[in-house]
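Hello,

Here is the structure I promised to pass on to you. Have a look at it first, and then read on for what turned up.

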Amino acid sequence: MTWNQWNELPAEEAAKMLFSCCGSNRWVKELMRGFPFQSEEKWVEESIRIWYEVCTETDWIESFGHHPKIGDLSSLKEKFAGTEQAGVAKATEDLLRKLSLSNAEYEARNGFIFIICATGKSAGEMLDLLQDRLRNSREEEIRIAAGEQMKIPLIRIQKLLHQANWKFLKNSHITTHVLDTSIGKTGQNICIRLKDEQRNTIAQGRTNQDGRIPDLLPPMRFLPAGNYHMVFDTLSYFDAGNVKVFYPEVDIHFTVFDTTHYHIPLLINPFGYSTYRGS
């Protein structure tokens with residue numbers, strides 16, 4: 001479907017499409033005030049603005065409820081093979097059991113299910129991320145989950161409107177890349193937390209096979225100007241390789257000035273590290 005074809009749909013049908021992408025009635029209602037939509041870029045900008053500036057925790061939790069529980073084996077096998085969670089459906093029974101138990105613990109602790117944009121992630125990666133996030137407060141988790149949730153409708157709408165122009169979408173406002181200089185290889189599977197000046201975690205992820213996290217924030221989600229922290233769990237990374245480390249955590253304190261891209265690489269070894277603003 002093209003963008004013009006979507007704009008030509010009856011409003012009720014267009015709204016149903018939006019709700020299928022993100023199950024928040026307020027988000028859909030506010031977006032539909034601008035229907036027919038001016039352009040793909042303006043639609044994304046408005047989607048992000050409404051999600052963060054108009055919607056509340058109640059609206060976010062409503063949207064969370066329209067997702068299956070990660071680790072719910074029967075649900076995944078029956079309904080979600082071939083979707084964002086296809087990697088889970090191929091997981092072993094033991095891994096699925098661990099996912100299910102961790103998800104139950106997460107839901108009991110926070111009052112909502114674990115939300116993650118699972119595209120491109122294996123079941124093992126999602127279990128690692130789930131267990132990382134079990135260490136967060138509920139206040140932190142509602143912010144992280146809202147950010148993960150906002151990534152999902154942007155992916156789904158691109159699939160529905162595959163003939164529209166999405167070339168303007170770029171990586172996260174904040175990205176990172178880790179290189180382990182002691183072995184000359186990328187730092188993979190490192191837990192990284194993005195924190196605000198009050199040290200509340202607002203986004204979280206793990207480095208991929210290239211040592212990168214390109215999607216820490218949803219596309220076109222720009223952080224307000226101010227000071228932030230990017231915290232790297234170097235202890236767990238080096239422990240996994242049975243290597244003693246002098247700096248168990250690296251906390252990079254940096255300043256955001258505007259909406260340009262901020263890339264924060266980290267060069268590490270067991271006894272030192274360095275960083276700079278990359279591109």
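Let me begin with a helix. At 1.5 Å a residue, the 18 residues of helix α8 (residues 93-110) should span 26 Å, and its end C-alpha atoms lie 25 Å apart, which agrees. Please keep in mind that this is a predicted model.

Which residues of α8 are buried? They are L95, L96, L99, S102, N103, Y106 and N110. Looking down the axis of α8, you will find these buried residues within an arc of 130°, so they line one face of the helix. On the face of α8 turned away from the buried side sit the exposed residues E93, L101 and A108. Just after α8 comes G111, with a positive phi of about 85°.

Now to the sheet. Four strands form an open sheet in the order β4-β3-β6-β7, and their pairing is antiparallel. Its edge strands, β4 (201-206) and β7 (250-256), each pair on one side only. On average, neighbouring strands of this sheet are turned by 20° against each other, direction ignored.

Strand β3 (residues 191-195) pairs with β4 in the antiparallel sense over five bridges. For R193, the bridge partner in β4 is Q204.

Helix α9 (residues 123-133) touches β3 and β4, and its direction makes about 150° with that of β4. Helix α10 (residues 138-160) also touches β3 and β4, with its direction at about 60° to that of β4.

Enjoy exploring!

Best wishes

Definitions and conventions. Residues numbered from 1 in each chain as written. Predicted model: local features only at pLDDT ≥ 70, side-chain atom pairs only at ≥ 80, totals over all residues. Heavy atoms only, no water. Pairing = 2+ DSSP bridges. Helix = DSSP H or I, 4+ residues; strand = E, 2+ residues; numbered from the N terminus. Axes fitted to C-alpha atoms, helices over the stretch in contact; angles between N-to-C directions. Contact = heavy atoms within 4.5 Å. Expected span 1.5 Å × (residues − 1). Buried < 20%, exposed > 50% of the residue type's maximum accessible area, 1.4 Å probe, protein only. Arc of directions from axis to C-beta.
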